[in-house]
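Please examine the sequence and structure shown below before reading on.

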Amino acid sequence: MAASLRVRDQHIAVFGGSGSGKTVLVSSFYGAAQEPSFIKESLFHVIADDTGQGHRLRQIYLGMKNDAKTPPTNRFAAVPYSFTIKLKDPGDAKAAKTRPFDALRLIWHDYPGEWFEQEPSSEAEATRRIDTFRSLLRSDVAMVLVDGQKLLNYAGDEEKYLKSVFGDLRDGLLRLRDDLLDGGEKLNEFPRVWVIALSKADLHPEVDAHGFQDLLIQKAADDIAALRDVVTDMVQFPEALSLGEDFLLLSSAKFEIERIEVTTRVGLDLILPVASILPLQRLAQWSQRFDIPRRLLDVFADNAEAIALVLVNAKAVQGAIGRLPKVGPLLALILPVLVQAANLNKVKIEEVNAAARAKHETLTAVLSQFRLDLQQGEDDGIFVKSNR
Ligand SMILES: Nc1nc2c(ncn2[C@@H]2O[C@H](COP(=O)(O)OP(=O)(O)O)[C@@H](O)[C@H]2O)c(=O)[nH]1
Ligand SMILES: [Mg+2]
């Protein structure tokens, strides 16, 4: 009998106005992962948990790749996408036993920007919006898409477009606030890391992530601050919040008149690392600035301790945790491991990665590779990470 796969969920919430590139992004993410070249090179498979949904995404991807066809607008879909990141080489039973879990699941929540721009048309519609929003609250990370095409359209007056991006989001949150804060109690579970991403970055070949950050600070600092104030007022322990401190460039393909070049992509390889590793690193950063209540560790970064254990591969710590009662002391052990895992330097991570690949410890290889990818993204100017 095959043992059932122990899967850890990582959610990510993507906010973007209509036409900002959400559907192309998720199609490109999934579609490219089904290409023989990816499957050959990669340590993992990306499997759509719903086959029909996977086919639709792949269809959009192939339409772009083969027929230069852009996806249809699906204004009111907002169904989460669910992908299992399954190790290609799961190893033997012993390998399975020593790792804390077997696979990651990425649950990708699209939140259509038009829901923040327009009032709901009916009571049922209003309820659906709230339910959709509630479901994405599990995400550690939210990505706000700034549409690179719109920035071009507003060249010189970018502040006008940016004001609407952040203003609509802020107003939308304010409108949902009373429904989300059941009985007025502030939320523990809420995205704590809000990455601002430039979609269609291929339209701005001269802009790197630092340049994008500068543009936002120059033209929209107040609007971002106003959004941060609203979120701060909705969550418990608002010290643990990074909004407008991390910046990412994204380009899902290169769009030409007669051709869509799906292999020319920017930033898509950072989505899994941003969803799974960034929250862990941020938690470690926060824990060095202030005392995080232990009960909130796992709320701020899903699976933090499991991922940290895979990264440091600390058999001794693992053994110690195994022997301890499941209260108090267990949690007390987690934080140092977290900080240790998050603070491993590049050389050390490269060692962990090489050793894991050599020993076919694929999960460790995958997660340490995610760490390296994030670092590479920073080095390449695709990603700016908060250093607070
Ligand atoms: N240049 C460029 N254009 C893009 C990119 N992604 C999307 N687009 C364009 O933007 C349009 C809208 O994208 P779509 O994903 O449908 O937006 P959504 O409404 O947010 O789902 C597409 O039809 C493309 O023409 C990109 O990475 N680069
Ligand atoms: Mg769409």
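How do the residues of the shell around ligand 1 divide into nonpolar, polar and charged?

## Ligand shell

In this predicted model, the shell around ligand 1 holds five nonpolar, 10 polar and three charged residues. Of the 18 residues around the ligand, those that come nearest are G21, K22, T23, V24 and T70. Among the elements of the fold, helix α1, which covers residues 22-33, gives the most to this shell, with three residues.

## Helix α1

Helix α1 has 12 residues and reaches 17 Å from its first C-alpha to its last, close to the 16 Å expected at 1.5 Å a residue. The helix is largely enclosed by the rest of the structure, because 12 of its 12 residues are buried. The buried residues of α1 include K22, T23 and V24, and these three are also among the residues that come nearest to ligand 1. Further along α1, L25, V26, S27, S28, F29, Y30, G31, A32 and A33 are buried as well.

Strand β6 (residues 193-199) is mostly covered, with seven of its seven residues buried. From β6, V193, V195, A197 and S199 point one way, whereas W194, I196 and L198 point the other way; the residues of both groups are all buried.

Two strands pair with β6 in the parallel sense. Strand β7 (residues 242-249) runs parallel to β6 and is joined to it by six bridges; here S242 of β7 is the bridge partner of V193.

## Helix α13

A further covered element is helix α13 (residues 304-312), in which nine of nine residues are buried. The buried residues of α13 comprise A304, E305, A306, I307, A308, L309, V310, L311 and V312.

## Overall fold

The protein chain contains 17 helices and 10 strands. Its radius of gyration is 21 Å, close to the 21 Å that the globule rule gives for 388 residues, so the chain is as compact as a globular protein of that length.

Along its principal axes, the C-alpha trace of the protein chain spans about 60 × 50 × 40 Å. Of the 388 residues of the chain, 40% count as buried.

Conventions:
Residues numbered from 1 in each chain as written. Chains lettered and ligands numbered in written order. Predicted model: local features only at pLDDT ≥ 70, side-chain atom pairs only at ≥ 80, totals over all residues. Near = placed C-beta within 6 Å. Helix = DSSP H or I, 4+ residues; strand = E, 2+ residues; numbered from the N terminus. Nonpolar A, V, L, I, M, F, W, Y, C, P; charged D, E, K, R; others polar. Buried ≥ 20, exposed ≤ 12 C-beta atoms within 10 Å, placed from the backbone. Pairing = 2+ DSSP bridges. Expected span 1.5 Å × (residues − 1). Rg over C-alpha atoms; globule rule 2.2 N^0.38 Å.
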